[in-house]
Amino acid sequence: LFTKWFPYDWAPDIAGGYGGPNYLYYGHLGFILPAIFLKFNFSVVFAIKLFILISILIAATGSYLLYKDIGGVVTGLICSASYLWAPYYSTLCYVRGAYPEFLAVSLYPWLFFLCRKYIGIKNTLYLVLSAGVFSIIYFIHTLSLVIISIAIILYFIVQLKFTTAYFLLLLKYFIVFMLLSLFFIVSCAQFHLVDIKNQFESADLFKQAAIPIYALLNTSGATGDILSHIFPGRIHLLFLFIITLITIASGYWNRYLVINLIFAFLFLFISTSFGARIIIIIFPFLKFIQFPFRFLSLFNIFLLMALAYFISNVIRLDNKKFYCLIPLAICAFYYPRIPAQTQTVFYDTINSLRHSLLTLDHENKYMPLGSKLPKSERDCLFRFDKTAKILEIKESVNDYIIKIECSESVVCDFNQYWFPNWQVDIDGNEGSLWQGGDLGICQFKIPEGHHTVRVYFADSPSMSLAKIISGISWCCLFVYLIWLFFIRNLLKYV
């Protein structure tokens with residue numbers, strides 16, 4: 001991570017050392033923070049713990065600001081604590097070990113807070129800050145792009161309805177986001193180069209990765225190590241039922257409360273196996289989210305927004321508090337019948353962890369087309385027949401220079417999976433590189449004689465242009481923030 005500037009492209013050490021284009025498709029900004037801690041000689045375990053702590057602090061401050069802006073200090077404290085205690089949020093780091101997604105979900109409240117400010121004040125500052133946070137979330141966890149895009153559009157609808165102002169604000173917002181994220185959008189658009197189709201079109205995927213419909217009220221519990229922990233806990237379900245029942249009983253129909261409540265029910269329903277099957281029929285592209293339970297992050301956001309409006313409005317009703325006793329009694333009766341969720345400590349061995357890191361058994365959706373997983377780790381980077389001799393080799397990340405002597409023309413095996421971005425230059429002239437071998441590795445031909453060969457991973461012209469545009473956009477964002485917070489204030493004193 002410290003050998004070149006962000007963003008990265010090819011990961012050379014995975015798949016037994018045959019590499020993979022994971023960084024082109026998978027958000028990897030979140031890897032940098034624990035890597036910095038390792039640079040300060042912290043242990044791996046301590047670096048991850050520190051990363052988790054920082055992520056929790058980000059979520060705590062963002063959720064507090066969001067919900068405080070709706071209902072005041074007390075509301076902010078209650079809803080912020082509820083966000084941190086949401087089972088789905090906790091399981092991201094403590095059960096699934098999904099640390100990048102954990103950091104991304106920690107930033108969700110900040111995104112909604114800045115969007116709320118942008119919609120309310122219509123200030124350029126909140127436009128660029130919210131679009132910047134959106135881009136950072138995308139760089140950390142790629143699949144959050146689909147999840148959060150849906151949520152942001154819905155949130156704009158809640159706040160502005162279908163007005164001209166709504167479309168203009170939303171258009172500005174996504175234009176700024178596109179400029180900041182263009183290089184990663186261009187990169188992710190090349191899905192046709194990897195074998196991603198079969199994994200996402202598995203018939204059993206949503207059945208295995210969604211909450212069973214019978215467990216919707218948590219009366220029977222969900223099966224499986226992951227699902228049993230992820231399912232919404234009794235506190236959040238009680239919030240949902242209490243808010244709904246008291247709102248109906250009191251007759252107080254606050255527009256924002258009701259719509260956020262509807263969205264909470266919607267995303268909880270989508271997280272179930274039955275809801276997931278329906279939503280995929282209507283919107284097939286959502287299958288790329290892979291796990292329907294990821295929508296529980298939006299369930300938490302919208303539920304707690306409904307709770308914030310509920311605390312700040314409904315409970316202040318003086319003449320209808322009697323009607324609130326009935327739903328409270330129902331919930332009190334229901335509460336003991338919800339099975340408590342238990343914690344399980346997962347142990348693993350060094351060998352199994354190492355095997356997972358050196359193969360693509362978990363992230364095989366990024367396997368280049370025509371490639372196969374190796375049975376063992378690669379033994380060398382370049383392989384020739386006996387007529388060739390390597391005189392010197394220089395290595396840097398995804399850039400290799402060798403000086404070679406060949407008594408006759410030879411075909412070289414470059415033991416990295418073939419990908420269109422791999423290029424070969426022989427004595428400064430562009431050579432031909434193709435996919436070959438049983439595993440689908442890179443191969444090229446070297447003529448007879450002494451030669452200097454360079455093999456490197458290069459950006460496509462479209463990617464180079466996208467990186468330039470995104471780089472300029474981020475520079476403009478930082479210059480604007482420096483001007484706004486430092487230089488402009490300094491000029492006042494001058």
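The model is a predicted one.

In soluble globular proteins, nonpolar side chains tend to be buried together. Here the largest nonpolar core comprises 97 residues, and within this core Tyr67 and Tyr173 have the most contacts. Helix α17, spanning residues 296-313, supplies the largest share of the core, with 14 residues. Another core, of 34 residues, lies apart from the largest one; Ala15, Tyr25, Leu381 and Ile404 are among its members.

The surroundings of Tyr173 can be described in detail. Leaving aside residues up to four places away in sequence, Tyr173 touches Leu111, Cys115, Tyr118, Leu127, Ser130, Ala131, Phe134, Ile152 and Phe156.

Attention now turns to helix α3, which covers residues 32-39. Which of its residues are buried? They are Ile32, Pro34, Ala35 and Phe37. The buried residues of α3 pack against α4, which runs over residues 44-71. After α3 comes Asn41, which has a positive phi, near 65 degrees.

A further helix, α6, extends over residues 87-94 and contains Thr91. Why does Thr91 count as buried? Its relative accessibility is 4%, and a residue is classed as buried because its relative accessible area falls under 20%.

Definitions and conventions: Residues numbered from 1 in each chain as written. Predicted model: local features only at pLDDT ≥ 70, side-chain atom pairs only at ≥ 80, totals over all residues. Heavy atoms only, no water. Core = buried A, V, L, I, M, F, W, Y, C linked by side-chain atoms within 4.5 Å. Buried < 20%, exposed > 50% of the residue type's maximum accessible area, 1.4 Å probe, protein only. Helix = DSSP H or I, 4+ residues; strand = E, 2+ residues; numbered from the N terminus. Contact = heavy atoms within 4.5 Å.
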